[in-house]
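Here are some friendly notes to read alongside the model. Keep the sequence and the 3D view open, and look up each residue as it comes up.

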Amino acid sequence: MKPSIDQTIFGSITIEGTVFAHDVMIRQSGQVKKRKKKLSKALYGTSHILSQDEAKYIYEKGTKRLIIGTGQFGNVRLSDEATEYFQQKQCQVDLLPTPQAIQTWNEATGTVIGLFHVTC
């Protein structure tokens, strides 16, 4: 079951009443997990560029749509390799500032997963 996201403020996101003070992923099952941003940071020196390794970790077989909250100010983007990976998987990627991404998430239907950056 897809959990509802209540709100986000700089540094946190609230999902079904639980506050998370770190970036999160939401799986197809509805499970909320901490983002493994070290997969991108190790390559690019920042978690604002999503690497192919992190893309492979995020993606779940059968996912048709990935909603990415790019931070309060929209700083996260996909690397070229990550973009290509999601295209190969025929997975639509929506990159939106996190406040808009949570609204999109709450309205989304179908096989969707999410990644939400909670700071810049």
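1. Let's begin with a sheet. Strands E1, E2 and E3 form an open sheet in that order, with antiparallel pairing. Helices (H or I, at least four residues) and strands (E, at least two) are DSSP runs, numbered from the N terminus, and two strands pair if DSSP finds at least two bridges between them. E1 (5–9) and E3 (18–20) are the edge strands with a single partner strand each, so one side of each has no neighbour in the sheet. On average, neighbouring strands here are turned by 20° against each other, direction ignored.

2. Before going on, a word about the source. This is a predicted model, in which local features need pLDDT of at least 70 and side-chain atom pairs count only at pLDDT 80 or more, while totals for chains, interfaces and linings use all residues. Residues are numbered from 1 along each chain as its sequence is written, and side-chain values use heavy atoms, with hydrogens and water left out.

3. Now the pairings. E1 and E2 run antiparallel and are joined by 4 bridges; Ile5 stands opposite Ile15 in E2. The hairpin of E1 and E2 has 2 residues between the strands, and Gly11 there takes a positive phi near 95°. E2 (residues 12–15) also pairs with E3, in the antiparallel sense, over 3 bridges. One place to look is Thr14, whose bridge partner in E3 is Val19.

4. Which helix packs on this sheet? Helix H4 (residues 98–107) does, touching E1 and E2. Contact means heavy atoms within 4.5 Å. The direction of H4 makes about 175° with that of E1; axes are lines fitted to C-alpha atoms, for helices over the stretch in contact, and angles run from 0 to 180 degrees between N-to-C directions.

5. Next, the inside. A nonpolar core is a set of buried Ala, Val, Leu, Ile, Met, Phe, Trp, Tyr and Cys residues joined through side-chain atoms within 4.5 Å. Buried means under 20% relative accessible area, exposed over 50%, and partly exposed in between (1.4 Å probe, protein chains only). The largest nonpolar core has 15 residues, and those touching the most other members include Leu50, Leu78 and Phe86. Helix H2 (52–58), strand E7 (65–69), helix H3 (80–88) and strand E10 (112–116) each supply at least two residues of this core, with the largest share, 3 residues, coming from H3. Leaving out residues up to four places away in sequence, Leu78 touches Leu50, Ile68, Thr83, Phe86, Val93 and Leu95. A second, separate core has 14 residues, among them Val24, Ile67, Ile102 and Phe116.

6. Is Glu54 buried or exposed? At 0% relative accessibility, Glu54 counts as buried. Glu54 lies in helix H2 and, leaving aside neighbours within four places in sequence, is in contact with Arg35, Lys36, Lys37, Leu39, Ser40 and Leu115.

7. Two loop residues deserve a look. Glu16, in the loop between E2 and E3, has a positive phi of about 50° although it is not a glycine; its relative accessible area of 48% makes Glu16 partly exposed. Gln90 lies in the loop between H3 and strand E9 (92–96), and its phi is positive too, near 55°. At 67% relative accessibility, Gln90 counts as exposed.

8. Last, the cysteines. How many disulfides does a search of the whole structure find? The search finds 0, a disulfide being a pair of cysteine sulfur atoms within 2.5 Å. Cys91 is buried at 7% relative accessibility, whereas Cys120 is partly exposed at 24%.
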